[in-house]
Amino acid sequence: MDYVEAATKLGEAIAESSEFLKWRESESAVLADEKAQALLMAFREIQTDMVEASGKGDAAKEELNRIRDALLAKQDELNEYDITKNYFDARQNFEIMMKTVNEVLQYYIDGRTGESGCSGDCHSCGGCH
């Protein structure tokens, strides 16, 4: 099997995975739900306000605190609403799955595992001693 065929099979397996299917299903639910859309839009608007206020320097410290509090409150609302919470959870599970896939690929490409970059050959690095 050549690498294109292997990548095709991997792509098909990912597209058929429960993590991907749940993420897409939850995304559709968010898109179809007016409250979820309104919460997300409000959250994005507050994020934009935060970015704009951060460019104003120290003079806007109180404004930044107010916006941060509003952003955290809106995040709480998003996490308490089942439709958006399910979406965030499903997206996170998919991202974890993809991280695992990438780690496996990385291992077979250069022998490194995890984020540490450790090859398992202690003679090439003194970091584990």
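This is a predicted model: local features need pLDDT of at least 70, side-chain atom pairs count only at pLDDT 80 or more; totals for chains, interfaces and linings use all residues.
The protein chain contains five helices and zero strands, and the order of elements from the N terminus is α-α-α-α-α. Of the 129 residues in the protein chain, 21% are buried. The accessible surface of the protein chain amounts to about 9500 Å², and carbon and sulfur atoms account for 54% of this area. When contacts between residues at least 6 apart in sequence are considered, 57% join residues at least 24 apart.

Six salt bridges were counted. Side chains of opposite charge can pair when their charged atoms come close. The side chains of Lys74 and Glu77 form a salt bridge with an N to O distance of 3.1 Å. Lys74 has a relative accessibility of 15% and counts as buried, because the cut-off for burial is under 20%. Glu77, at 36%, counts as partly exposed.

Helix H5 (residues 82-110) holds both Asp89 and Lys85, which lie four residues apart, about one turn of the helix. The closest N and O atoms of this salt bridge between Asp89 and Lys85 are 2.7 Å apart. Asp89 is partly exposed at 30% relative accessibility, and Lys85 is also partly exposed, with a relative accessible area of 33%.

Glu95 and Arg91 are likewise four residues apart in helix H5, a separation of about one helical turn. Their side chains meet in a salt bridge at 3.9 Å, N to O. Glu95 is partly exposed at 46% relative accessibility, as is Arg91 at 31%.

How values were computed. Residues are numbered from 1 along each chain as its sequence is written. Side-chain values use heavy atoms; hydrogens and water are left out. Helices (H or I, at least four residues) and strands (E, at least two) are DSSP runs, numbered from the N terminus. Buried means under 20% relative accessible area, exposed over 50%, partly exposed in between (1.4 Å probe, protein chains only). Contact means heavy atoms within 4.5 Å. Accessible areas come from the Shrake-Rupley method with a 1.4 Å probe; for residues, only the protein chains shown count as cover. A salt bridge is a side-chain nitrogen of Lys or Arg within 4 Å of a carboxyl oxygen of Asp or Glu.
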